[in-house]
Amino acid sequence: MKDIPGLIIRDTLPEDLAGIMEIERSCFSSEAWSEGDFLYRLDKPEFVTLTAAFDGEVAGYIAVTGVCGASVDSVAVSKKFRRLGIASRLMIEALSRCGETAFLEVRESNKPAIELYKSLGFRKIGVRRGYYDSPEEDAVVMSRE
């Protein structure tokens, strides 16, 4: 994986939440998490929440529940920083902290994310019909052993 000068991946800090919320609102519709959702996770050992900072600016984040493997709950990168490999780096770092077994759901229409997950060793294991709202859409369930 190519080095990205100026990129730091670290545990999320409360001061990162404003930048995370900006990304969250721009990437997700009715499924957007609240600032309280992120804040709740910060001091709990069963959650891994990481921030990708690029020259001091929040470029992306990942939220993972790390109990009995990993459940990738949310990952997003600011439009300004996409296609640089930041999501891959966030996924690799978070999963290295939670174990190799991981699960996630992704909108069926989100082909770039599905390709990213496949490149990291995830495979489709099922579909959850009508899982997402606004618009209603099926979720592809993926896992990595």
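I will go through the sheet, then the helices, then a few single residues.

Ground rules. This is a predicted model, where local features need pLDDT of at least 70, side-chain atom pairs count only at pLDDT 80 or more, and totals for chains, interfaces and linings use all residues. Residues are numbered from 1 along each chain as its sequence is written, and side-chain values use heavy atoms, with hydrogens and water left out.

On terms: strands (E, at least two residues) and helices (H or I, at least four) are DSSP runs, numbered from the N terminus. Two strands pair if DSSP finds at least two bridges between them.

Look at strand 2, residues 47-54, and strand 3, residues 57-65. They pair in the antiparallel sense over 8 bridges. L50 has I62 of strand 3 as its bridge partner.

Now the helices. Contact means heavy atoms within 4.5 Å.

Stay on helix 3. Its 13 residues reach 19 Å from first C-alpha to last, close to the 18 Å expected at 1.5 Å a residue. That expected span is 1.5 Å times one less than the number of residues. Buried residues in helix 3 include I86, L90, M91, A94, L95 and C98. Buried means under 20% relative accessible area, exposed over 50%, partly exposed in between (1.4 Å probe, protein chains only). Just after the helix, G99 takes a positive phi of about 105 degrees.

Cysteines next. C98 is buried at 13% relative accessibility. C27 is partly exposed at 25%. How many disulfides does a search of the whole structure find? It finds 0, a disulfide being a pair of cysteine sulfur atoms within 2.5 Å.

Last, I125, in strand 6. I125 is partly exposed, at 42% relative accessibility. Leaving aside neighbours within four places in sequence, I125 is in contact with F103, V141, M142 and S143.
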